[in-house]
Amino acid sequence: MKLDKEQKRVLKAFWPAILVFPFGYPLFMWIFGKLDSWKDALLMIGVGLLLVLVLGIFYVLGSKIPKGDN
């Protein structure tokens, strides 16, 4: 799939979320004492990566600008 200019812009804007959210959320849970074990931390990282991946795909596909019929 070839990405247009708008899709590339959305993907560049989404990179911080891809890098921070999956690891930042378990870190904050650990800081606030809500994390019980490494198993929970790894589960949160996996779910975070999956969530960011799905949302990223939706954002990139949804930002496609249709071509005019001109």
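Hi everyone, let's start with helix α2, residues 38-62: its 25 residues reach 36 Å from first C-alpha to last, close to the 36 Å expected at 1.5 Å a residue. That expected span is 1.5 Å times one less than the number of residues, and helices here are DSSP runs of H or I with at least four residues, numbered from the N terminus. This is a predicted model, where local features need pLDDT of at least 70, side-chain atom pairs count only at pLDDT 80 or more, and totals for chains, interfaces and linings use all residues. Residues are numbered from 1 along each chain as its sequence is written, and side-chain values use heavy atoms, with hydrogens and water left out.

So which residues of α2 are buried? They are Ala-41, Gly-48, Val-52, Gly-56 and Val-60, where buried means under 20% relative accessible area and exposed over 50%, with a 1.4 Å probe and protein chains only. Their cover includes α1, residues 5-31, through contacts, meaning heavy atoms within 4.5 Å.

Over on α1 we find Leu-19. Leu-19 counts as exposed because its relative accessibility is 55%. Its C-alpha is separated by 9.2 Å from that of Val-52, 33 residues apart along the chain.

Now, which helices supply at least two residues each to the lining of the largest pocket? Both α1 and α2 do. Among the lining residues are Phe-23, Trp-30, Trp-38 and Ala-41, and Ala-41 is also one of the buried residues of α2.

Thanks, everyone!

Conventions: 1 Å grid on protein atoms, 1.4 Å probe; cavity = no way out; pocket = protein on both sides within 12 Å on 5 of 7 lines; lining within 4 Å.
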